[in-house]
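This report describes one predicted protein model. The sequence and structure come first, and the description follows.

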Amino acid sequence: MAEKKTNDGVRIQKVMADNGVASRRKSEEMIEAGLVTVNGRKAILGQRVNPYRDLIAVDGQKLITNVKKHRYYIALNKPRGYVTTLNDEMDRKCVAELVENVPERVYPIGRLDRNSEGLLLFTNDGEFANQVMHPKFHINKAYRVTVRPDVTDKQAMQLAEGVMVDGVRTAPAQVTVLTKEPGRVVMQIVITEGRNRQIRKMCEAVGLEVARLKRTSIGPVRLGMLQPGEWRELTEPELNALGSSIRSAQQQAAANSNKAKASKPRGSWGSGNNRAEKKPADKRTYKKVK
């Protein structure tokens, strides 16, 4: 939803995001790096501007803000070997090359590292990008993770409960062992955060080597049969479902904040009084009850 224009104007990072320059966070980084000017002077983070009167330039290029742009919401199946950026100083392959034929300039929502693959969303809608990326909205992100050599119940529970990554414990995750073969295990890991290389660092923290990492869904949006390197626009039902997920997360967060600490003792797994039925040995789900 667009921020109402007042006599004080609109924050410049929001103007940039709303006009498809980059996500709001990335726009803030560009402002702090001195790449943005307003009426010929370097912009200040949080500065309010009139997008219809002020002359805004990004890296020397004038930002056109008075043209109503079509909003694009894109799902890409990112192949391995591509970096999630619009340009790369090391001349590596960029995901921007895969969406060059989108009529408007779009940017990625979040990222996948160079050796990871799967679902990556793009948009030129800054507010949408901010909501999908921000951890407070708790959008589920599912990954198919192949690890070596094997996974013990203890390791799976550690991943589900949360491990220390860069000095901060990860939020509870859902971990499902899908298949087991000699020296190789395939898991599904569902998280609500989106820290840099989080899944790889989580696995490393419990002594597992990630051989392959593929993101299969973001909220209700699934990768499906989309081929590597190809993109499609999100459907209206997908966009509506994403909006519903965000609203539900907001309501749940508000409800949780009003509850006293009533979580079960550490080590309690399952789903409350309705315990999950036993699964075959090669497929277990570990989910920490909050």
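## Basis

The model is predicted: local features need pLDDT of at least 70, side-chain atom pairs count only at pLDDT 80 or more, and totals for chains, interfaces and linings use all residues. Residues are numbered from 1 along each chain as its sequence is written, and side-chain values use heavy atoms, with hydrogens and water left out.

## Overall make-up

The protein contains six helices and 18 strands, taken as DSSP runs numbered from the N terminus (helices H or I, at least four residues; strands E, at least two). Of its 290 residues, 43% count as buried, where buried means under 20% relative accessible area, exposed over 50% and partly exposed in between (1.4 Å probe, protein chains only).

The accessible surface comes to about 16600 Å², with 46% of it belonging to carbon and sulfur atoms; areas follow the Shrake-Rupley method with a 1.4 Å probe. Among contacts with a separation of 6 or more, 62% join residues 24 or more positions apart (contact: heavy atoms within 4.5 Å).

## Largest pocket

The largest pocket has a volume of about 1300 Å³. A pocket is an open set of points on a 1 Å grid over the protein atoms alone, where a 1.4 Å probe fits, with protein on both sides within 12 Å along at least five of seven lines; lining residues have an atom within 4 Å of a point. The volume is the space filled by probe spheres set on the points, which are joined across faces, edges and corners.

The lining is made up of 48 residues, and Ser23, Lys26, Pro108, Gly110 and Arg111 lie nearest the centre. Elements giving two or more residues include α2 (24–32), β8 (107–109) and β15 (209–218). The largest share, four residues, comes from α2.

Valine 38 has isoleucine 56 of β5 as its bridge partner.

## Lysine 69

Lysine 69 sits in the loop between β6 and β7 (73–78). Its relative accessibility is 24%, so lysine 69 counts as partly exposed.

Beyond its neighbours within four places in sequence, lysine 69 contacts Asn19, Ile64 and Glu104. Asparagine 19 is 50 residues away from lysine 69 in sequence, with a C-alpha to C-alpha distance of 7.7 Å.

How values were computed: Two strands pair if DSSP finds at least two bridges between them.
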